[in-house]
Amino acid sequence: MQADPALCSPYFALEFAQCCEEARSDTRVLVASRRGQPIAFLPLQTGRVGFARPLAGPLSDVHGVIAEPGFHIDPKDVLGRANIPVFQFHGALASQAGFRSGARDVEGSWVLDLSQGYASWEASRQQLAPKAMRNLRARRRRLEELEGGFSFVIADAGETALQTLLRWKSEQYRRTGVFDAFSVPWIRNLLEAVLRRQSDLFTGVCSSLYINGEIAAVHVGMATEKLCHYWFPAYDPDFAHFSPGLLLLLESARYTPALGHDGIELGPGGYGFKKDLGSYQVGLVAGSLGTQSIQNLSQRVLRQMAGQMRRAPLGALSRWPQKALNKVDRLSAFYAV
């Protein structure tokens, strides 16, 4: 991780794998060795019926093979030797050629480049997204002028912040009709394990924004010595007119260089704020790798059928099979343990 900038994400840290092991009984790491010496690692969740997924399953924004810079290994070969018939990935590093052979979709993880300091990042975004930055500055001034003002806590160690975030996220999922990920026990256990983990190379992060003494926004994430991953932000809808979630991110960016981090990774997604604030993207691919197995064959057949339906002249109906398949994939990933 220290030698290869592509592996600076907390998702690749040994400590994150240990946190997953605390939360899930199916945490494994495939180890490739040469002459008895480990040369590459592929962490994953083995799940049920032979379908393996990256560490933390659907919560993993970035994943891939961990090896020395310049060393290339075929993940499909490693999976075959471990008798794992299917490995489904959704955020594998596009720079690792072994995943591109099974890729269906290409995306990118947005990163705020703070390596030259907050002022340098802010100046660059002012040039490229002036309206967004102007709006954020106006909202911050409103908070500064508000009676009682606001405060930012970079490391909110109290239990209240985490429990508040979990409640807000569950309420948000219910309002929007999205599956409540935090109803699955292992996910709560994982966040608690991450926040307990503190080392020189990995640390759990819980930051909060208070408005007039009331908690208005919370973020739970994790960081290595180089990069902070902005993982689970949430805010109180009663303060929505202040954009507390974005202001919390902005305050985090102000403090990040002082902690020695080069940037904040926001993960993939076409959200407007990520495009406005992100300096660049890390290429990711989604797809699957598999052996000649019943599991792999059945998955390929289902996806081919969904693809044929999508191309059929059936209007909105043509998209239903693919949506249904995606929903099944997502739910099975949450309940794989």
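Some ground rules. Residues are numbered from 1 along each chain as its sequence is written, and side-chain values use heavy atoms, with hydrogens and water left out. Because the model is predicted, local features need pLDDT of at least 70 and side-chain atom pairs count only at pLDDT 80 or more, while totals for chains, interfaces and linings use all residues.

Let's start with the sheet. Three strands form an open sheet, in the order E1-E2-E4, with antiparallel pairing. Strand E1 (27-34) and strand E4 (66-67) stand at the edges; each has a single partner strand, so one side of each is left without a neighbour in the sheet. Two terms here. Helices (H or I, at least four residues) and strands (E, at least two) are DSSP runs, numbered from the N terminus. Two strands pair if DSSP finds at least two bridges between them.

Now the pairings. E1 and strand E2 (residues 37-45) run antiparallel and are joined by eight bridges. Alanine 32 stands opposite alanine 40 in E2. Valine 29 stands opposite proline 43 in E2. On to E4. Two bridges join E2 to E4, again antiparallel. There, alanine 40 has alanine 67 of E4 as its bridge partner.

What about the turn between E1 and E2? The two strands form a hairpin with two residues between them, and arginine 35 in that turn has a positive phi of about 50°. Arginine 35 is not a glycine. Most residues other than glycine have a negative phi. Arginine 35 counts as exposed because its relative accessibility is 79%. The cut-offs: buried means under 20% relative accessible area, exposed over 50%, partly exposed in between (1.4 Å probe, protein chains only).

Serine 243 has a phi near 55°. Serine 243 lies in the loop between strand E10 (227-235) and helix H8 (244-255). Is serine 243 buried or exposed? Serine 243 is buried, at a relative accessible area of 16%.

Back to E2 for proline 38. Proline 38 sits in strand E2. Proline 38 is partly exposed, with a relative accessible area of 46%. The C-alpha atoms of proline 38 and alanine 67 are separated by 9.2 Å, and these residues are 29 apart along the chain.

Other strands pair too. Strand E5 (residues 86-93) and strand E12 (residues 280-290) run antiparallel, joined by six bridges. Phenylalanine 89 stands opposite glycine 287 in E12. Strand E6 (residues 103-113) also pairs with E12 in the antiparallel sense, over eight bridges. Alanine 103 stands opposite glycine 287 in E12.

Next, salt bridges. The term means a side-chain nitrogen of Lys or Arg within 4 Å of a carboxyl oxygen of Asp or Glu. How many are there in the whole structure? A search finds eight.

Take glutamate 22. Glutamate 22 forms a salt bridge with arginine 196, with the closest N and O atoms 2.7 Å apart. That pair links distant parts of the chain: glutamate 22 is in helix H1 (residues 14-23), arginine 196 is in helix H7 (residues 185-196), and they are 174 residues apart. Glutamate 22 also meets arginine 197 in a salt bridge (2.6 Å, N to O). Here the separation is 175 residues, with arginine 197 in the loop between H7 and strand E8 (202-211). Arginine 196 counts as exposed at 54% relative accessibility. Arginine 197 is partly exposed at 21%.

Another pair is arginine 24 and aspartate 26 (2.8 Å, N to O). Arginine 24 is buried at 3% relative accessibility, and aspartate 26 is buried at 7%. There is also a network: salt bridges that share partners join Arg140, Glu144, Glu251 and Arg254.

Last, surface patches. Patches are made of residues with over 30% relative accessible area and no salt bridge; like charges are joined within 9 Å, nonpolar side chains (Val, Leu, Ile, Met, Phe, Trp, Tyr) within 5 Å. Val29, Val31 and Phe41 form a nonpolar patch, with about 230 Å² of accessible area together. Those areas come from the Shrake-Rupley method with a 1.4 Å probe, and for residues only the protein chains shown count as cover. Phenylalanine 41 is in strand E2 and is partly exposed at 32%.

The positive patch holds Lys131, Arg134, Arg137 and Arg141. Lys and Arg count as positive, and the charge is placed at NZ of Lys or CZ of Arg. Arginine 134 is in helix H5 (residues 130-145) and is partly exposed at 46%.
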